[in-house]
Amino acid sequence: MRRIRRYRLRRVVGDTHKGAAVRVRGLVVRYGALTAVDGLDLEVRAGTCMGILGPNGAGKTTTIEVLEGLRDPDAGEVEVLGRTWGADALGIRERIGVQLQETDLQRKLTVIETLRMFQSFYKQKRDLGEILELVGLTEKRRARVDDLSGGQRQRLTLGCALVNRPELLFLDEPTTGLDPQARRRVWEIVEEFKRAGGTALLTTHYMEEAERLADDLVVVDRGRVVARGTPMELIASLGATGVVRYAPRAGHEVAAAAIGEAEFLALPGVRSLRVGNDSRELIVHDTQAAVVALLGLFEARGIQLEDLSTHRPTLEDVFVALTGKQLRDG
Amino acid sequence: MADHSALFELVRVRVLLFLREPEALFWVFVFPVLMAAALGFAFQGGEAPTARVRVLDGDGAAALVERLSKAPGVPLELEIAPQEEEPELRRAITSGRIDVLLLPGDDLELIFDGQRPEGAAARTAVELALARTAPGAPPAEATLAPMRERGSRYVDFLLPGLLGLNLMSTGMWVIGFAVADLRQRKVLKRLLVTPMRRSSFLLSFLLARLVFLVMEVAALVLFGALVLDVPFRAGYFDFLVLTLLAAFTFAGLGLAVTSRAQTLQGASGLLNFAMLPMWLLSGVFFSYERFPEFLHPFLKLIPLSALNDALRATMLEGASLTTLLPELAILAAWAAAAFVVALTCFRWR
């Protein structure tokens, strides 16, 4: 039993579209019989970063590819930087930067040759020395793409997306597969882009990434938006101050499992219960009262615990509550 | 202007990438020359070999050798062999160590291997020698002179064919493969979200191709002229126009054939499928005239046949563009069809 609460942007723009870098209404994309995107609405305010969260197959990449002009929607309205793909594709392309989810570069070109080629496509050209500095590849400028590490290569694709000083940057899972340090360097580049006034649209699997980069978030599941708001708002939507996780000691599982959901919900401070594979979690609005009551209940039943922990609710908890799936499910 | 610099950069990138592929350089520049060298030396026209004739010892053997050695204009290598060696000599004929065995007697017996060209030639030489030394024979009128004139040897036939073959396979492989590779690795998709013009992208492949075309053609033609002594009688302008047109045609065919291939394996299969018939049917190694006559009009329409015919006519006979109009028209028609297919079917992602 999960209750889905829909959150609307607090700063909904009234009658004008001023301030929206991206506007999507009723977007539908089908692959044959499968509906990948099913009536999706989205609005990205200029100068902010919007994060799209969702499990695999939720329609994130399909949505972003429609916005990048790579895919025609079956229905719905899409406006990017105040223009439509049908009317002014070239005008949009000149002003956006794109990092696709899986793109290889030409491996035998050097860093500087790659950037120069991408730069040549645009009317607006940013100085390549500046780009190299920004993505931290100045010393690698003559290295071949082949010889770069995964993190360096990812920073190069980011550099390619920035050669035209884009107003709007699309990032489709920009740090998937990178180690934590390489990931942080990518985040710093995106933050630099935001500081300069850029708008970004980001899909990600990583909560930490969403919390750090996104000003607003939408959670997408089965091609629809199931929640939207700032990270703080989404976490607050759980109506909880903490998450209590426990695991019974070996031999005590049956006794622990015999405690019914109603009994947990009757405990003071407990809002809801979530059953995982090898542990259970209580979503609580009064952590102290809930823990004391929980331990009392186990004591009364003679159940011993292997583990008990509490943490503040995170986006991950919101995500699981909304979709019933872990973010990084295969 | 942005477009101009984009095209320039795209061509530059293609040239750089090509230069950084050692294998590609080998197949485009070195391999054709090696092939021309191997085939050229193997089939170089020379003196017709002197027939190696053995006469089995016995009655009249010495007289026969005496008679044959005096035959005017027919040089023979003659030796008398002991009778007990006959089985061994018969085996020597099949293995090619000697060409003809003569058994003297009332009915002169001539043993040779008609399967081998040298055997058949030796038989003719011996019969000619016998005829010219028969009692009352007319005086010899002609000597046997093998064809050795420049421009009419096998190697002269071969070199333009190899050049055509090279123009075809480089054009189709280099372009078809590169495009399929970019598509498979989603680089095309990345380029698609930039304002890059699609036509600039396709054009860059052709222009980069032309940069190497000159070197590639020059390597083979110079090797032919300097090492194999193959004549070059073509007008430079005519030759340039012909090879340019051919390069465009095969580049277009490469693009068309691989315009939808999603993987390198798929592309390579399609390219082989398209090129193999041309290897065999287009008169590269032997004239397509050897196929049944009713096929000739169709074989002539194959793009590589048209190119080979035109290359031979211009290189060996100095034919001008006006006489080559039919071949040029065939190539141009293929080029036009290929680009229409490539542009309408091209898959960018």
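**Conventions.** I number residues from 1 along each chain as its sequence is written, and chains are lettered from A in the order in which they are written. Because the model is predicted, local features need pLDDT of at least 70 and side-chain atom pairs count only at pLDDT 80 or more, while totals for chains, interfaces and linings use all residues.

**Chain B overall.** I looked up the secondary structure of chain B and found 13 helices and four strands (DSSP runs numbered from the N terminus, helices being H or I with at least four residues, strands E with at least two). The radius of gyration of chain B is 28 Å, whereas a compact globule of 349 residues would have one near 20 Å (taken over C-alpha atoms; the globule rule is 2.2 Å times the number of residues to the power 0.38). I noted a C-alpha trace spanning about 95 × 40 × 40 Å along the principal axes of chain B. Of the 349 residues in chain B, 37% are buried (20 or more other C-beta atoms within 10 Å of the residue's own; exposed is 12 or fewer, partly exposed in between, with C-beta atoms placed from the backbone). Among contacts in chain B with a separation of 6 or more, 77% join residues 24 or more positions apart (a contact is two C-beta atoms, placed from the backbone, within 7 Å).

**H6 and H8 of chain B.** I then took helix H6 (residues 154-184) and helix H8 (residues 198-226) of chain B, whose axes come within 11 Å and cross at roughly 155°. Axes are lines fitted to C-alpha atoms, for helices over the stretch in contact, and angles run from 0 to 180 degrees between N-to-C directions. H6(B) and H8(B) are therefore roughly antiparallel (over 145 degrees; under 35 is roughly parallel, 65 to 115 roughly perpendicular, the rest oblique). From H6(B) the contact includes B:Leu159, B:Asn166 and B:Ile175, and from H8(B) it includes B:Phe205, B:Arg209 and B:Glu216. I sorted the contact residues into eight nonpolar, four polar and two charged (nonpolar: Ala, Val, Leu, Ile, Met, Phe, Trp, Tyr, Cys and Pro; charged: Asp, Glu, Lys and Arg; polar: the others, Gly among them).

**H4 of chain B.** Helix H4 (residues 86-95) of chain B has one buried residue out of ten, so it lies largely in the open. After H4(B) comes B:Gly96, with a positive phi near 90°.

Most residues other than glycine have a negative phi. I found A:Leu81 with a positive phi of about 50°, in the loop between strand E4 (75-80) and H2 of chain A. A:Leu81 is partly exposed, with 19 other C-beta atoms within 10 Å. B:Lys186 has a positive phi of about 65° and sits in the loop between H6 and helix H7 (187-192) of chain B.

**B:Phe285.** I located B:Phe285 in the loop between helix H10 (264-281) and helix H11 (296-299) of chain B. B:Phe285 lies 128 residues from B:Phe157 in sequence, with 8.1 Å between their C-alpha atoms. Not counting residues up to four places away in sequence, B:Phe285 touches B:Leu158 and B:Gly161.

**Interface.** Last, I checked where the chains meet: 23 residues of chain A are in contact with 19 residues of chain B. H3(A) gives the largest share of the chain A side, five residues. That side has ten nonpolar, four polar and nine charged residues.
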